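User: Could you take a close look at one part of this model for me? I'd like the cut-offs along the way.

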Amino acid sequence: MKKTVVLGASDNPDRYAYKAVHKLQRHGHEVVPVGIKKAEVGGLSIVTDKAQPIEEVDTVTLYVGPRNQPVWYDYILNLKPKRIIFNPGTENPELEEKAKEANIETLHHCTLVMLATDSY
């Protein structure tokens, strides 16, 4: 299964990041929720410390809008994920270019749809 960092994690059940954490767990993926607010989602503490190492990340799925992404660039790239999923509303050509330069695959897709269609 694919270790996935959900960037923009939230404990608000109305947020897509919240739904993604739960759906990823139901599909058997190891999930690391990362965000700016200390809380819990899916029984997991949201990581708020950018210095906390996360090893062997397969996927970073973005739930942070492009305007708020620049402060996360180094963090995302230093995770060395195999891919970054730009969920609807998170598309960012600048981050996508940085990812490609680091040999990280980028996808414009919806994590929830990918899980529902077994294409994750």
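How many residues line the largest pocket, and which of them lie nearest its centre?

Analyst: Quick ground rules: this is a predicted model, where local features need pLDDT of at least 70, side-chain atom pairs count only at pLDDT 80 or more, and totals for chains, interfaces and linings use all residues. Residues are numbered from 1 along each chain as its sequence is written, and side-chain values use heavy atoms, with hydrogens and water left out.

Now the pocket. Its lining has 25 residues, and Gly8, Ser10, Arg15, Tyr63 and Val64 lie nearest the centre. A pocket here is an open set of points on a 1 Å grid over the protein atoms alone, where a 1.4 Å probe fits, with protein on both sides within 12 Å along at least five of seven lines; lining residues have an atom within 4 Å of a point. The space in this largest pocket comes to about 580 Å³, the volume being what is filled by probe spheres set on the points, which are joined across faces, edges and corners.

On to the strands (DSSP E runs of at least two residues; helices are H or I runs of at least four, and both are numbered from the N terminus). Strand β1 (residues 4-7) pairs with β2 in the parallel sense over four bridges, pairing needing at least two DSSP bridges. Threonine 4 sits opposite valine 31 of β2.
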